[in-house]
Amino acid sequence: MSQKLVERLQQEFSGEIRTVSNPKGDETVVVDREKLVDVLTHLRDSEGCEQLSDVVGVDYPDRDERFEVNYLLRSWKNNHRLIVKVNAAEDEPVPTATGVYRSADWHEREVYDLLGVPFADHPDLRRILCHHEFEGHALRKDYPIEQGQECSRPEHLFNDQDITAAARRATTLVTDLDGALDEVHPSDLLTVNLGPSHPAMHGALRAEVLLDGETILEARTEIGYIHRCFEKESEDHTWAQVMPYTDRLNYCSAMLNNSIYASAVEKLIGVEATPRAQAIRVIVSELSRIIDHLVCICANLVDIGALTNYWYLYNVRESIYEQLEKLCGSRLTTNYARIGGMSHDLYEGFDLEVLAKLDQLDEGISDVMKLVARNGIFLDRTVDVGVISQADALSFGYTGPCLRATGLAYDLRKTNPYWGYENYDFAIPTGTNGDTHDRIMVRMAEMVQSRSIIIQALENLPDGPLNVDDHSVVMPPKEKVYGSIEGVMNQFKLVYEGICVPAGEAYGFGEGANGELGFFCVSDGTGNPYRLKVRPPCFPIFSSYAFLAEGGMIPDAIATLGSLNIIAGELDR
Amino acid sequence: MAVDLESPSNFITTRLRQAVNWGRKYSLWPLPFEVACCAIEFMSTVSSYNDISRFGAELVRFSPRQSDLLIIAGTISYKQAPILKTIYEQMAEPKWVIAMGACASSGGFYNNYSTLQGADRVIPVDVYVAGCPPTPENLMFALTQIQEKVEKEGLVPASDRHTDRAEA
């Protein structure tokens with residue numbers, strides 16, 4: 001299917017498209033900058049590529065055209081993916097794709113911020129992760145990793161001209177009872193800043209809203225408050241050392257990040273985890289999905305005033321934490337997966353303990369459902385609040401539960417099965433309306449599905465080795481390290497140089513708790529990643545937040561935000 | 001504090017400083033500056049299993065003007081630093097600060113262009129908690145250390161405590 005897509009594309013744009021052979025299976029084409037928008041438009045309209053899932057910039061300072069910008073496209077209908085590459089020299093503008101995909105807005109801002117690639121005609125080309133006083137571009141190879149730059153004050157998101165313009169726009173919208181225009185003065189509008197230190201903004205998100213009465217006329221969002229430079233840190237560490245950093249991306253479900261990262265690097269190396277490791281990844285990932293959804297739902301319910309549910313659900317989460325702590329010594333930041341397998345095997349009696357925890361989960365879910373399912377206040381606060389249509393959701397780059405709440409049964413575990421997900425019997429819960437209520441209920445139903453997957457995986461847990469039998473990837477056994485010089489050298493080289501991942505690029509992805517979590521890995525053959533770009537599911541979802549909040553009231557905006565489950569660690573990286 | 005056992009009555013004798021500090025010690029109102037992973041462990045500490053209210057500190061306030069214990073839970077970036085400083089300055093005296101976790105204490109394993117190498121570069125910190133993230137037990141231990149500190153303090157306006165850092 002994919003092969004034909006590239007051929008069709010070459011016929012359509014004869015001579016303008018160069019294919020790149022990519023042994024890792026990601027279809028890649030190179031186009032000229034001038035043709036980029038035409039190609040993307042064609043792919044969207046005629047080839048069903050309805051989503052731009054990420055834009056990845058890579059810096060090659062030695063090349064004439066220093067920057068490479070990769071557009072990662074995805075089609076749900078035809079289930080194919082395509083990477084479109086353009087090259088650009090320093091200061092050479094790349095045409096913006098914001099007219100084709102709405103998600104391009106923030107992705108391009110990020111490439112501009114971190115690499116300094118200018119995008120021509122971008123509507124709002126500002127920094128996004130670094131602060132507004134930052135100078136230089138941090139992900140360029142010549143920017144020293146430790147060179148911090150202080151920020152003296154936060155940036156205001158609305159200036160006087162913005163407020164005047166918003167008042168003018170509002171005037172044309174509002175008419176009084178006689179049908180005459182009801183003029184809105186700039187002084188009638190009130191700017192309210194929410195966050196970044198605000199309980200409902202989950203710590204590190206910020207929105208500034210312009211209020212006309214109680215209605216949000218315009219909203220603007222700002223992120224980057226916990227930008228911890230995951231990508232720059234990755235380039236400074238070996239592939240294996242990146243693992244603990246992945247814990248702290250989506251810290252509500254660290255096991256998922258660990259496992260998907262390990263799979264992505266395995267894809268680039270060309271090894272496949274053993275059946276036992278795959279099954280263990282499924283179990284711990286689904287446990288993680290459950291605890292992630294629990295935090296999302298309980299925080300969301302607290303935000304709309306239903307505090308009791310927090311006590312009920314958090315106890316379940318706490319008890320699953322105990323389990324994870326027993327398994328890998330840490331509650332939150334697990335660092336459990338390894339490239340080529342897992343850090344260690346499950347302990348004796350793990351399965352029985354997990355089954356007991358799952359019973360607690362049932363109890364928690366049923367307690368909460370009793371409290372909220374037909375609760376008038378809950379329904380008033382969530383039904384038809386923060387509605388997004390399926391088309392908008394796709395264009396904004398939604399994946400995961402937020403996309404499924406609009407009624408689209410899109411789940412990577414079904415469409416692109418990995419770790420043997422095709423062998424498990426589970427359903428994809430969907431919503432109908434794409435509102436806050438549906439997002440909460442989809443998560444509730446997904447926990448039940450995850451529970452079923454865990455039980456199936458525990459019943460059919462394969463025996464056999466845990467790690468791949470390749471000691472250029474996994475550490476040799478301790479007997480060899482202590483017993484032979486080859487073993488010592490093997491261990492030394494793996495620790496000191498790292499796993500020498502063959503040069504190339506690969507995009508590995510999986511269904512994270514919030515949607516598609518992907519790692520775009522570029523290796524130059526050494527032990528450190530040349531470039532490691534995370535595709536966090538939250539990032540495109542939060543880019544739509546202003547769109548969702550506008551027209552509603554602040555309490556609605558708060559309820560909506562909770563249901564989107566934005567995790568700042570993953571959003572800002 | 002002392003109760004006169006020979007002629008029991010409904011009053012006790014104590015010193016003003018002790019009585020006030022006894023009250024302050026068991027009614028710390030925390031403001032969680034929830035930024036990153038540590039915030040999740042803070043949530044665990046508040047939840048019913050660990051139950052921070054055993055230490056009288058369950059009244060989590062999100063307004064700096066109503067709280068006297070700032071818990072910095074997470075990584076402080078350069079972008080976040082001016083906000084943290086503003087929040088700290090908005091809190092009324094007496095006030096105490098816990099730096100929860102490796103990032104808030106020292107930047108943790110994020111030694112890079114965006115991460116402040118410890119919250120104490122911007123505001124004074126009373127107790128540092130190790131861990132990435134610290135477990136709820138660690139945080140509760142830090143809370144008891146703050147309580148010990150509160151107990152020993154004088155009645156003078158506590159703004160004097162941090163004069164060495166005020167200009168920094």
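Predicted model: local features only at pLDDT ≥ 70, side-chain atom pairs only at ≥ 80, totals over all residues.
Entry 1: I then asked which elements of chain B supply at least two residues each to the side that touches chain A. They are strand E1 (30-34), helix H2 (37-46) and helix H3 (81-90). H2(B) gives the most, with 6 residues. By class, I recorded 19 nonpolar, 12 polar and 3 charged residues on the side of chain B that touches chain A.

**Entry 2: salt bridges.** I noted a count of 2 salt bridges between chain B and chain A. One of the pairs I looked up is Glu222(A) with Lys79(B), whose closest N and O atoms are 3.0 Å apart.

**Entry 3: extent of the interface.** I recorded 34 residues of chain B in contact with 51 residues of chain A. The two chains bury about 3,700 Å² between them, and 63% of that area lies on carbon and sulfur atoms.

**Entry 4: a helix pair in chain A.** I next turned to helix H9 (residues 307-328) and helix H10 (residues 350-372) of chain A, which pack with their axes 9 Å apart at an angle of about 170°. On the H9(A) side, the contact residues include Tyr312(A), Leu313(A), Val316(A) and Ile320(A); on the H10(A) side, they include Val354(A), Leu361(A), Val368(A) and Leu371(A). I recorded the residues of this contact as 11 nonpolar, 6 polar and 5 charged.

Key:
Residues numbered from 1 in each chain as written. Chains lettered and ligands numbered in written order. Heavy atoms only, no water. Contact = heavy atoms within 4.5 Å. Buried area = accessible area lost by both parts, 1.4 Å probe. Salt bridge = Lys/Arg side-chain N within 4 Å of Asp/Glu carboxyl O. Helix = DSSP H or I, 4+ residues; strand = E, 2+ residues; numbered from the N terminus. Nonpolar A, V, L, I, M, F, W, Y, C, P; charged D, E, K, R; others polar. Axes fitted to C-alpha atoms, helices over the stretch in contact; angles between N-to-C directions.
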